[in-house]
Amino acid sequence: MLSSLGSVGGKSAKPSFVSYVTPEEIKSEKEPSRKEKHPDLLPGEVVFCSASTVLKYTQDDLSQRGVFGALLCTNFRVSFVSDEAPTEEMVRTLFKNKLYGENDIPLSCVDNIYGDKRKLITGGLVKNKYPSKIIIHCKDLRVFQFSLSFSKEEDAKKIFQGIVHHCLEPKSLRCLFAFSYCENTSYPGSYSYCREHLRKKQTVMFDSVEDWTQDMKRTKGNCRVVSENSNFELSPKLPQYFIVPTNVSDEDLTKYQGKGLPMWCWSHHSGCALFKTASIPLVQEDNVCCRMLTAVAHNHLYSVKTEDLSDTLPTVQDILLSYNKFKQFFLIDNTTEFWMSDMKWFSSLDNCGWLDIIRQCLQKAVEVVESLEKENTNVLIMEEGGSDLCCVVSSLVQLMLDPYYRTLLGFQSLVQKEWVAGGHAFLDRSNHLHLKDKVESQSPVFLLFLECVWQLQQQHGPAFQFSETYLTVLSDSVHVPVFTTFLFNNDSHRDSLLRAESPHTQRSPLNCPTVWDWSVQFDCKAQDLFTNPLYTEKPKQDTSVRKSYRPRHLRQLSLPSSAFKTPPKKGFFKDEADNLKKILGVKRLSRWMLSPSSDSPQTSSSVREFYEAWQTKPLDYHGLLLPCLDGPSIRVWMQRYLRWIHDVQILGGGPVAMLSKVSEILGEVQELQRQLDRHGCTLTSNHKGARPRAKTAAAVIAARSSVRLSSSFPFVTSRNWSFKPAIPTSLLQSLMVTGIPGNLADREDDGGPESLV
């Protein structure tokens, strides 16, 4: 025996020990009375299949360590329930979503599923097969790895096939969890409860004539509200209610059935306005365009600029292709893989083109702002469908010009107006149903808009009432199949399905929540994190009932610089109108439709001059805001893309540390103010700056233990931190190859662990 163990020159002895006890039998002996665990199910949620003794791997390294638990698939989510008892800190998690937890994946949030050797799984390849390991990539950039090797074969096969079927197979819209959830959830009141509840919170839903009229009056627009499509008789693709120029007649509405209608977006204080429309077929160009363009020109000073976004911005397919390349750098199976890719990480991100598309959208919005603000001319933007890039550009223009839309409620109203009521095809662009004929329609257009908003917010933080966390949560909510906001393509689609799914036809339609009712997902303390503590409120003395949303600032006090000068005598505008009609009758309309390309030197220099002139004036956070478009100014949205990669987080630092400290200071100031009020003292409120707010949840945690905060807060609050080398792995290897004086392993460290943070 001893000679065989220590033989020299011969073949090594093979292991002779064979275990006849499976891991699940060992666990069953240790826990004979353990019952199968389930998550807290939501109303209408049903468990389809489950498997116990599933190993969920950690993301720390390649050691394949993990936690055992049960893996379940319901009609709402894929859920992993750990066998380990939750710690007290996990139970008291501040930013806890009421709908799903950190180990839950909504079915609509599943992006791709991989099997052994990272083989991509598709719906038709799972019959009677299952891999020993599955990797799930989520649309919110989380990565889950599960081992089915320790589960019973029948359970492993069922859970794998169930997950693939419910996450990747084509399905009907009525199979989404929202319908089951709404049928089993009772809100107080009738169908109108959600809308009335949001109206009390001043979120404008733009589902009534009053909402549109109020918004037009707020901006002092001079157009008319159309209600002829309240039953979608004009066109199912148009909103129930919308605004058009006054010169668009009822005959135009019925004759063209909504095709090519210039729809009002926003009015500038000078009188000009922003309109958007769908591109008009060439057959109808001369008839429709001439009438509609003339109607827009009549809105103000008989001047109009047009911009076909289909010619100057990337297509929705280009946007999808670029984003698919971009997101791969953040879908990390393990941190070792991440550290090995550091050498060309930044250059690879730039080569994807995603950041450049963000820059192009912001630049196009600045061009439109220049036409409205500097030239005081009407602008008509268009594209093929009128509900993708038009929504992006029109929303950005309003954010730059109107401070009302930089408040939290104003921003929600803006999304509701331009995207939901504006007919953005959320269902097709997200492809929640995994329909093969909709694959080419899929594109993250709304995420592109949120990216642009984040760029503006980072450059002009005090101008925005909502926080970065709010934008991140909003981007996640798109893939939660509960809210009607993101489940339909337009108003007609939403109305017909909700009415058809009503349990009793004599009752009102299904009562489904919108994403703006944040109490469905978060409690009040968590919602405190949606507010930016650095937000600068407008001083009280400058506010009024009607003018609070449209303040005048120094840059707006100049006379209009349009081509039309002040009329020297009465009847001037009438003469100019006659001249315009003659010009439109003689020249081909296509010449009027042309606009200079964004890449042309003239346009670039004009935008540069406009931005530099704006920079020379005092910055007014309640006035015009323009983004810096230089290369380094367009940054990566770190909180959204890197929040799940633990090794890149800054322990006890990052933007969250600053915001938490500011929140803490503001809370102390308000406490002092309350003490002064109790002693009969009053503080004057005629100072500029941020009004003190109550202590936010972030400040409370920071006061207790700021060490546990990281730059990924509030999505990751604490963990066992592992330190990586100060020099990234791949760079360190290259330095070792090229040769460095002395051995790095033998050299003394320059500092302790503090030098690694």
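Biologist: How do strand 1 and strand 2 pair, and over how many bridges?

Modeller: Strand 1 (residues 47-57) and strand 2 (residues 66-74) are antiparallel partners, with eight bridges between them. Two strands count as paired if DSSP finds at least two bridges between them. The elements themselves are DSSP runs numbered from the N terminus: helices are H or I with at least four residues, strands are E with at least two.

Biologist: Which residue of strand 2 is opposite L55?

Modeller: F68 is the one facing L55.

Biologist: Before we go on, what sort of model is this?

Modeller: It's a predicted model, where local features need pLDDT of at least 70 and side-chain atom pairs count only at pLDDT 80 or more, while totals for chains, interfaces and linings use all residues. Residues are numbered from 1 along each chain as its sequence is written, and side-chain values use heavy atoms, with hydrogens and water left out.

Biologist: Switching to the four-strand sheet, what's its order?

Modeller: That open sheet goes 10-11-13-12, and the pairing is mixed. Its edge strands are strand 10 (263-267) and strand 12 (304-308), each pairing on one side only. Neighbouring strands are turned by 20° against each other on average, direction ignored. Helix 14 packs on this sheet, touching strand 11 (273-278), strand 12 and strand 13, and its direction makes about 150° with that of strand 13.

Biologist: And strand 12 with strand 13, parallel or antiparallel?

Modeller: Parallel, joined by five bridges, with strand 13 covering residues 378-383. V304 has N378 as its bridge partner in strand 13.

Biologist: What about strand 10 and strand 11?

Modeller: Those two pair in the antiparallel sense over four bridges, and W266 stands opposite L274 in strand 11. They form a hairpin with five residues between them, and G271 in the turn has a positive phi of about 120°.

Biologist: Why is strand 10 largely enclosed?

Modeller: Because five of its five residues are buried. Buried means under 20% relative accessible area, exposed over 50%, and partly exposed in between (1.4 Å probe, protein chains only).

Biologist: What's the packing angle of helix 11 on helix 14?

Modeller: About 135°, with the axes of helix 11 (residues 316-327) and helix 14 (residues 354-373) 8 Å apart. That's therefore an oblique pair: under 35 degrees is roughly parallel, over 145 roughly antiparallel, 65 to 115 roughly perpendicular and the rest oblique.

Biologist: Which residues meet there?

Modeller: From helix 11, D318, I319, S322, Y323 and F326; from helix 14, W354, L355 and I357. Contact means heavy atoms within 4.5 Å.

Biologist: Now the largest nonpolar core: which residues touch the most other members?

Modeller: L396, F411 and F449, out of 142 residues. Helix 14 gives the most to this core, with 11 residues. A nonpolar core is a set of buried Ala, Val, Leu, Ile, Met, Phe, Trp, Tyr and Cys residues joined through side-chain atoms within 4.5 Å.

Biologist: How many residues of helix 19 are buried?

Modeller: 10 of its 10, with helix 19 spanning residues 468-477. They pack against helix 16 (408-420), helix 18 and helix 25 (638-642).

Biologist: Where's S413, and is it buried or exposed?

Modeller: S413 is in helix 16, and at 1% relative accessibility it counts as buried. Beyond its neighbours within four places in sequence, S413 is in contact with Q202, T203, V204, F206 and Y404.

Biologist: Last one: where does N431 sit?

Modeller: N431 is in the loop between helix 17 (426-430) and helix 18 (445-459). N431 counts as buried at 6% relative accessibility, and touches K438, V439 and Q442, not counting residues up to four places away in sequence.

Note on methods
Axes fitted to C-alpha atoms, helices over the stretch in contact; angles between N-to-C directions.
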